[in-house]
Amino acid sequence: MSPFTVAIDGPAAAGKGTISKAVAAHFDLAHLDTGLLYRAVGARMLTGEDPIAAAQSLVAEDLENPDLRTADVARAASKVAVIPEVRAALLDFQRAFARRSGGAVLDGRDIGTVICPQAEVKLFVTASAEVRAQRRLVELTERGFETDFNTVLADVKARDDRDMNRADAPLRPAEDAVLIDTSDLSIDAAVARAVSAVEAVR
Ligand code: C5P
């Protein structure tokens, strides 16, 4: 039997991360947050490194950098993510992860369209930019960062724009993706929809 892959894509702060972790736990699958790979490259670029060289020499310890969740690194990640050589350098690792014998959940921007177009289940998780900015604001404030709604909203929109309009692997739903709009859903309700979409083919 071929390994079971769940591809979960969508814009920043739509709830992908939460849904991916819950789906992985529910079905006992390994989980890869592919945004972390781009964040790790972005973080190394911020220290002055060439992003292509950084992507080509990425190691496991890069993913343990505690600064990967900052807004600066998120912005840098979406800048390095437009570079085709950076994306190419990260491709094999993601595909190998998807082929794990026990099955895997991968979340990102191009999993259903480019990395794993054969995934058994594809979900596209989205929400309005305002709802996503509000969620991100709460998260950043809780973690002690001082910011405000309009700054976060502008950041979310700038990142959406870069992710959706880049030439290589732009953010868009795969044709056969199940859409989940979490704007008016609780976390539990969003997770329940994702679980039932997986159950339908599992
Ligand atoms: O998901 P996260 O917000 O951590 O991703 C950070 C950035 O990495 C995104 O804005 C996007 O530009 C890039 N990314 C990507 N392809 C993926 C995952 C993330 O281009 N599969």
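User: What makes strand S4 (residues 121-126) mostly covered?

Analyst: In S4, 5 of the 6 residues are buried, and buried means under 20% relative accessible area with a 1.4 Å probe, protein chains only (exposed is over 50%, partly exposed in between). Strands here are DSSP runs of E, at least two residues long, and helices are runs of H or I, at least four, numbered from the N terminus. This is a predicted model, where local features need pLDDT of at least 70. Residues are numbered from 1 along each chain.

User: How do you know that strand S1 (residues 5-9) and S4 pair?

Analyst: Pairing needs at least two bridges found by DSSP, and S1 and S4 have 4 bridges, in the parallel sense. So they pair under that definition. Aspartate 9, for one, has phenylalanine 124 in S4 as its bridge partner.

User: Why are the buried residues of H1 said to line one face of the helix?

Analyst: The buried ones are Lys16, Ile19, Ser20, Val23, Ala24 and Phe27. Seen down the axis of H1, they fall within an arc of 130°, so they line one face; the arc is taken from the directions from the helix axis to the C-beta atoms. An α-helix has 3.6 residues a turn, so residues three or four places apart point the same way.

User: Which residues are exposed on the other side of H1?

Analyst: Lys21 and Ala25 are exposed there.

Definitions and conventions: This is a predicted model: local features need pLDDT of at least 70, side-chain atom pairs count only at pLDDT 80 or more; totals for chains, interfaces and linings use all residues. Side-chain values use heavy atoms; hydrogens and water are left out.
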